[in-house]
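Biologist: Please take a close look at one part of this model for me. Start with a loop, then move on to the helix that follows. Keep it plain.

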Amino acid sequence: MVLLKVKFDQKKRVKLAQGLWLMNWLSVLAGIIIFSLGLFLKIELRKRSDVMDNSESHFVPNSLIGMGVLSCVFNSLAGKICYDALDPAKYAKWKPWLKPYLAICVLFNIVLFLVALCCFLMRGSLESTLAHGLKNGMKYYRDTDTPGRCFMKKTIDMLQIEFKCCGNNGFRDWFEIQWISNRYLDFSSKEVKDRIKSNVDGRYLVDGVPFSCCNPNSPRPCIQYQLTNNSAHYSYDHQTEELNLWARGCRAALLRYYSSLMNSMGAAVLLVWLLEVTITIGLRYLHTALESVSNPEDPECESEGWLLEKSVSETWKSFLESLKKLGKSNQVEAEGADAGQAPEAG
């Protein structure tokens, strides 16, 4: 039973080929957009690779770049096929390759859909990557004299200023690490000695934050040291008063930024996927409509186009049977090769 059969005359076949030609070149432009989005996301991730724990987050931008290139190649080829379909002599050279090409297009559409899903599902892996990366980056904040880490202070400061955030989960994260380098500590001071002795790891911990945590919108001058000491500041209560620091952690700020980017990209890829599916269906109708022309010498004659030659269940069964036959033929070839090697060994 033929699925979704449609009758075509010469005029309809020409209109279908011309419409598909135009849609394919629109898809080429869409492929360039996907490539550009992947490149932009890769650059944005590389900008802050110092505060990311691993390179798994680059899977999505690499996939977008690859799918963008493939989209340009496949749709350029499909545009040429649609253009040549109007001329029987030119179309003849494409005829043997159309079925394999349509199968590749179906596979491409499946992969494109999976890439769109990955754009929406990347939030979980990105969250853990940022949590570990920011935590390590904050530990190295003080290492301004250590080769390979001397840039970390500037990176964290610029990050907190740009995204209006403080710490990993919040400003209190800075209380748990020594973010002031030993180079700038006066070890002859009793206060410094007492603070270091009071800590098991011998670190200089303070209830303060770097200057980049300060919120310039606050009317009060920034309080970045002795944040939990009410007596150290006039008319100040750290438990009830709204501090003049950024309240949001950098992990939440970066996660929100990248999530909004990838959600937008996922929506764009889904739209391109719909266009690609429409083109593949149109190519299938064009292919079957040209194949079923009863009299090739009479271009005006009617023909029939369809989506599937059999029902969905029958098509699926025949696909599975072809896979089984392919597996059996490979097994027979392997056994034949083993049998041929045995006499030689003897």
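Modeller: Asp143 is in contact (heavy atoms within 4.5 Å) with Arg149 and Cys150, leaving aside its neighbours within four places in sequence. Asp143 sits in the loop between helix 5 and helix 6. Helices here are DSSP runs of H or I with at least four residues, strands are E runs of at least two, and both are numbered from the N terminus. Asp143 is buried, because its relative accessible area is 14%. Buried means under 20% relative accessible area, exposed means over 50%, and partly exposed lies in between, using a 1.4 Å probe and protein chains only.

A word on the source: this is a predicted model, where local features need pLDDT of at least 70, side-chain atom pairs count only at pLDDT 80 or more, and totals for chains, interfaces and linings use all residues. Residues are numbered from 1 along each chain as its sequence is written, and side-chain values use heavy atoms, with hydrogens and water left out.

Now helix 6. It covers residues 152-163, twelve residues in total. At 1.5 Å a residue, helix 6 should span 16 Å. That expected span is 1.5 Å times one less than the number of residues. The end C-alpha atoms of helix 6 are 16 Å apart, which agrees.

Which residues of helix 6 are buried? They are Met152, Ile156, Asp157, Leu159, Gln160 and Phe163. These residues cover an arc of only 160° around the axis, so they lie on the same side of helix 6. The arc is taken from the directions from the helix axis to the C-beta atoms. An α-helix has 3.6 residues a turn, so residues three or four places apart point the same way. Lys154 and Glu162 are exposed, on the face of helix 6 turned away from its buried side. Just after helix 6, Lys164 takes a positive phi of about 55°.

What covers the buried residues of helix 6? The cover includes helix 5 (123-139) and helix 8 (250-291). Those two helices also pack together. Helix 5 and helix 8 meet at an angle of about 150°, with axes 10 Å apart. Axes are lines fitted to C-alpha atoms, for helices over the stretch in contact, and angles run from 0 to 180 degrees between N-to-C directions. Among the residues making this contact are Leu126, Leu130 and Leu134 of helix 5. From helix 8, they include Leu254, Leu255 and Tyr258.
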